[in-house]
Amino acid sequence: MTTAALGRLLILCALLVSAAGAVSGFASGANGLRWTRRLAYAFGAFMLLATLVMERALLTHDFSVSYVAHVGSRQVPVWVTIVSLWSSLEGSILFWGLVLGLFIAAATRFASRANDESMPYAIGTWLACGSFFSFLIAGPANPFQTVSPVPLDGPGPNPLLQNHVLMVAHPPMLYLGYVGMTISFGFAVAALLRGHLGPALLRAIRNSLMLSWIFLSIAIMLGGWWAYEVLGWGGYWAWDPVENASLLPWLTATAALHSIVVVQRRGVLKGWTATLVLGSFLLTILGTFMTRSGVFNSVHSFTQSAIGPTILVFLAAVLIGSVTLLALRIDALENEGRIDAPVSREGTFLVNNLLLVLLTFTVLIGTVFPLVVEAVNGKQMSVGRPYFDSMVVPAGIALLFLLGVGPALPWGAATREQIRRALLPPLGGAFVLAAIGIAFGVRNAWTILTLACGGYALQVTAVQLARLRRSRRGAGAHVIHLGVVIAMIAIAVSSTMRVQSEVVLQTNQTAAISGYQVTFLGSEERSEPHRASTVARVRVTKDGRDVTTLEPRMNHYEMMREPIGTPDVYSTLAGDLYVSVASIEQNRAGLLLIVTPLVSWIWIAVLLMAMGGVIAVVPWPLTRPLAPLGATLSPQAGRGEIATEGLATR
Amino acid sequence: MKPNLSATDVMRRRTRRFVMLALAVAALAFLAIAAGGINDNLVYYWTPTDLRAAGNKAYGATIRLGGMVKAGSIRHATAGTTGVEFDVKDAGAVVHVKSSGVPPQMFRDGIGVVVEGTMTRGGSFESHRLMVSHNNEYKAPKPGHPVDQKEMTKYIEEAR
């Protein structure tokens with residue numbers, strides 16, 4: 001049997017077991033749970049095997065497999081060959097299938113026994129998604145077609161992906177984040193179908209959602225970092241549709257993670273939480289459609305491949321299914337409590353949710369609007385950056401403000417005196433940080449406002465973190481908040497305080513920017529097996545002392561007519577010096593010089609957020625729940641029931 | 001309808017109605033702001049022919065103009081400054097472009113370009129951003145066919 005045929009066979013098996021599992025999950029319920037579980041494991045196993053077959057074909061340069069013929073090359077290094085799996089459409093859908101298979105198997109294996117009654121529906125939902133993706137791999141996006149005659153060599157993956165090592169990590173993180181939303185989606189569907197969202201199931205939704213949130217946060221950061229390190233315009237975010245696609249589910253997932261806390265603590269917002277989880281999943285499918293169908297190249301070209309319409313049909317089916325399910329079943333999720341005071345922690349959670357949903361719509365409208373216009377009257381346009389900036393900046397600062405106020409306020413009704421004592425002291429932090437900013441030359445009003453809200457939030461978060469010695473509850477959340485505050489300050493400062501200049505330098509000529517002296521030393525040619533580079537050597541000095549030598553370059557790839565410029569960056573915690581080349585000749589270089597303060601802190605902050613997320617999901621043995629007042633804890637309930645902490649009142 | 005509503009039930013219904021109304025007003029206000037924001041910040045993808053056809057409407061709007069660099073039209077700025085002037089043409093029209101900044105390596109006669117900027121009443125297109133066709137997948141338009149502007153812009157942006 002040829003490799004391609006073996007791959008096709010494995011995918012067909014995956015399609016078969018996932019369809020069978022979806023049917024058995026919904027049709028036979030708890031009676032068939034054992035078999036539904038086995039089918040879930042089988043789906044994971046077939047996806048794993050199919051991916052291994054593909055990786056083997058890539059590594060052995062088996063060009064009889066269509067995907068290998070499409071992206072493989074004998075010239076590229078081994079690491080490029082391995083990551084070629086996600087360098088192009090068909091392979092990335094296969095990789096999606098692999099991640100989905102492994103996630104479903106893991107969720108089936110590790111879900112708490114307390115959720116057994118929900119599991120048939122959850123697994124059924126996951127495997128229904130699994131059968132869609134197996135169908136996609138088996139049909140419209142088949143990477144296992146047989147090529148004849150077999151080519152001797154292939155073109156290699158898109159040079160842009162070979163151009164930087166960050167591209168190894170960004171797509172897998174994005175898929176882990178996207179696909180993880182399927183798991184929380186399945187749990188939420190189960191909750192709606194059964195009309196019951198108890199602590200154990202809530203815990204399952206929260207943990208699976210938090211895991212995808214962690215991966216998605218890292219993915220968004222890596223995407224921005226990659227754009228910064230590779231694309232050469234010195235920015236990390238451009239409100240590009242592809243970037244927006246990854247941000248949208250992140251926003252709704254963030255909202256859901258907050259509303260889950262309100263469900264845990266006050267017993268309200270169950271239906272709303274389910275809506276947000278369903279919405280997050282829908283946005284991942286929308287994102288896949290937007291990035292994978294080529295619809296943004298032209299509304300009319302996306303039908304040229306069968307993948308766009310297929311995903312669109314799936315998106316429509318999930319949307320109709322979700323809306324119907326919510327309409328019929330949302331009232332079945334009984335709220336047990338109510339919110340009695342607007343100025344309270346839960347009050348800020350409500351406003352937080354409102355703002356995050358508003359942000360989601362803002363970005364969604366700006367992203368989809370050009371598509372609608374082009375579909376209606378054929379005019380081509382895009383929505384400019386100022387729209388996004390002017391809408392998102394105020395909402396972002398309002399969220400930062402809430403991030404400070406919320407954790408400072410107590411749960412439930414509080415007296416005026418309590419509120420005053422909670423909210424006044426952090427004003428000190430706000431003044432200090434704003435003053436530091438102004439002393440360093442910040443003049444932009446939005447940035448000063450961000451610094452003030454950030455300073456307030458920093459003081460609140462620091463106090464909360466210091467209290468953790470008494471109770472570890474919420475440790476993860478506070479670490480995440482710390483990361484968010486740092487990220488927002490860094491984003492505000494780096495985007496308003498950057499200095500940029502374009503210069504043409506002769507050999508040994510010097511230009512100055514923000515205290516750096518930049519000297520063009522000359523250019524040289526270098527060659528590697530898969531590319532040739534023209535490198536501009538640039539010496540950087542500060543106050544007469546050598547700092548570093550940067551080497552921005554033009555990379556020429558064999559399969560591309562035109563070279564790709566790659567910038568070089570000198571990073572410090574205070575700021576980056578970014579040098580990218582517009583043109584290099586023997587003794588003359590056109591350089592773009594950019595000095596951006598604090599930009600490294602964005603990457604650090606997101607790692608901190610991810611760390612906080614990990615702290616929040618891992619069941620640390622030290623994290624003893626508060627004694628659940630009035631909650632009945634059955635002895636057989638097991639670990640999953642820790643979530644009863646949510647019922648404890650203050 | 002239940003005959004005997006308690007006072008709290010009535011209160012709850014009133015609050016609920018009030019909250020719904022407030023949310024609806026907020027949603028409408030948001031939509032109005034968003035629509036205005038989008039309308040003010042649209043970037044049009046035009047060819048020189050589109051630009052000429054728009055007449056007076058072209059002034060002031062942010063436009064991505066795509067076409068080919070007319071042979072022999074490139075004038076580099078004097079030494080010490082950056083910037084370049086050239087003509088962008090398609091099958092039907094020619095537009096004079098003044099671009100600030102260092103032109104990219106591959107910039108030359110006859111290459112496909114997209115410039116972003118605004119049309120001035122002085123008769124030239126002032127651009128702050130110059131992108132050249134950068135992708136092996138992009139095929140130059142056949143004579144007599146307009147450049148598929150958006151397609152090219154996309155290729156350029158992806159490879160930027």
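What share of the contacts in chain B with a separation of 6 or more is accounted for by residues 24 or more positions apart? The answer is given under point 2.

1. Basis of the note. This is a predicted model, in which local features need pLDDT of at least 70, side-chain atom pairs count only at pLDDT 80 or more, and totals for chains, interfaces and linings use all residues. Residues are numbered from 1 along each chain as its sequence is written, while chains are lettered from A and ligands numbered from 1 in the order in which they are written.

2. Chain B. Three helices and seven strands make up the elements of chain B (helices are DSSP runs of H or I with at least four residues, strands are runs of E with at least two, and both are numbered from the N terminus). Their order from the N terminus is α-β-α-β-β-β-β-β-β-α. Residues 24 or more positions apart account for 51% of the contacts in chain B with a separation of 6 or more, a contact being two residues whose C-beta atoms, placed from the backbone, lie within 7 Å. Of the 160 residues of chain B, 32% are buried; a residue is buried if 20 or more other C-beta atoms lie within 10 Å of its own, exposed if 12 or fewer, and partly exposed in between.

3. Domains of chain A. The domain assignment, which is automatic or taken from a database, gives domain 1 (1-163) and domain 2 (499-597) in chain A. The centres of these domains, taken over C-alpha atoms, are 42 Å apart. Nine residues of domain 1 of chain A and eight residues of domain 2 of chain A take part in the contact.

4. Nonpolar cores. The largest nonpolar core has 176 residues, of which A:F43, A:A188, A:V277, A:V485 and A:A490 touch the most other members. Such a core is a set of buried Ala, Val, Leu, Ile, Met, Phe, Trp, Tyr and Cys residues joined through C-beta atoms within 7 Å. Helix 9 (residues 199-231) of chain A gives the largest share of this core, 22 residues. A second, separate core of 23 residues has A:A536, A:V538, A:L577 and A:V595 among its members.

5. Helices 9 and 19. The axes of helix 9 of chain A and helix 19 (residues 600-617) of chain A come within 9 Å and cross at roughly 170 degrees. Axes are lines fitted to C-alpha atoms, for helices over the stretch in contact, and angles run from 0 to 180 degrees between N-to-C directions. Helix 9 of chain A and helix 19 of chain A are therefore roughly antiparallel, the term for angles over 145 degrees. The residues of the contact between helix 9 of chain A and helix 19 of chain A comprise 14 nonpolar, three polar and no charged (Ala, Val, Leu, Ile, Met, Phe, Trp, Tyr, Cys and Pro count as nonpolar, Asp, Glu, Lys and Arg as charged, and the others, Gly among them, as polar).

6. Backbone points. A:L598 has a phi near 65 degrees, a positive value in a residue other than glycine, and lies in the loop between strand 11 (588-597) and helix 19 of chain A. A:L598 counts as buried because 22 C-beta neighbours lie inside 10 Å. A:N508 also has a phi near 65 degrees, but with 11 C-beta neighbours inside 10 Å this residue counts as exposed. The peptide bond from A:S148 to A:P149 is cis, with omega near 0 degrees.

Note on methods: Parallel < 35°, antiparallel > 145°, perpendicular 65-115°, else oblique.
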